[in-house]
Amino acid sequence: AVPELAKLLADEDNEVRAAAARALGQLGAVAAPAVPELAKLLAHEDSDVRTLAALVLGQLGAVAAPAVPELAKLLADEDNEVRAAAARALGQLGAVAAPAVPE
């Protein structure tokens, strides 16, 4: 199911993308192969899409480590909800998010 859901993350319909992202979040670490596709959504023009992608990556836990650089960039996003979602996600990732902590 993960490859099919990952493909739906590129759908033009926001509702389809959101449903696929939520489903991947429910799967947890099993959804690790979808991390690159979810990480791409962190740069989406729509702040709601960025927020949801960050929240879902946080739900996946340590398997989302490859997305840490992109999540860290969102800490400076212009949207408050996006910043909050990124911070929460990095917290949920735990020690693998250490590179995102400023010196």
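How do the residues of the lining of the largest pocket divide into nonpolar, polar and charged? I note before counting that this is a predicted model. The lining divides into six nonpolar residues, one polar and five charged.

Entry: the pocket. I looked up the volume and found about 160 Å³ of space in the largest pocket. I then listed the lining, which consists of N14, E15, R17, A18, A21, R22, L41, D46, D48, V49, L52 and A53. I checked which element gives the most, and α2 does, with six residues.

Entry: α2 against α4. I recorded the crossing of α2 past α4 as left-handed. On the α2 side the contact is made by N14, R17, A18, A21, R22, L24 and G25. On the α4 side I have V49, L52, V56, Q59 and L60. I sorted the residues of this contact into seven nonpolar, three polar and two charged.

Entry: α4 against α6. I went on to helix α6 (residues 80-93), which packs with α4 at an angle of about 10°. The two axes are 8 Å apart. That angle makes α4 roughly parallel to α6. From α4 the contact takes S47, R50, T51, A54, L55, L57, G58 and Q59. From α6 it takes E81, V82, A85, A86, R88, A89, Q92 and L93. I sorted the residues of this contact into eight nonpolar, five polar and three charged.

Entry: cross-check of the lists. I find Q59 of α4 in the contact with α2 and again in the contact with α6.

Terms used:
Residues numbered from 1 in each chain as written. Predicted model: local features only at pLDDT ≥ 70, side-chain atom pairs only at ≥ 80, totals over all residues. Heavy atoms only, no water. 1 Å grid on protein atoms, 1.4 Å probe; cavity = no way out; pocket = protein on both sides within 12 Å on 5 of 7 lines; lining within 4 Å. Points joined across faces, edges and corners; volume = space filled by probe spheres on them. Helix = DSSP H or I, 4+ residues; strand = E, 2+ residues; numbered from the N terminus. Nonpolar A, V, L, I, M, F, W, Y, C, P; charged D, E, K, R; others polar. Left-handed = near helix turned anticlockwise from the far one by under 90°. Contact = heavy atoms within 4.5 Å. Axes fitted to C-alpha atoms, helices over the stretch in contact; angles between N-to-C directions. Parallel < 35°, antiparallel > 145°, perpendicular 65-115°, else oblique.
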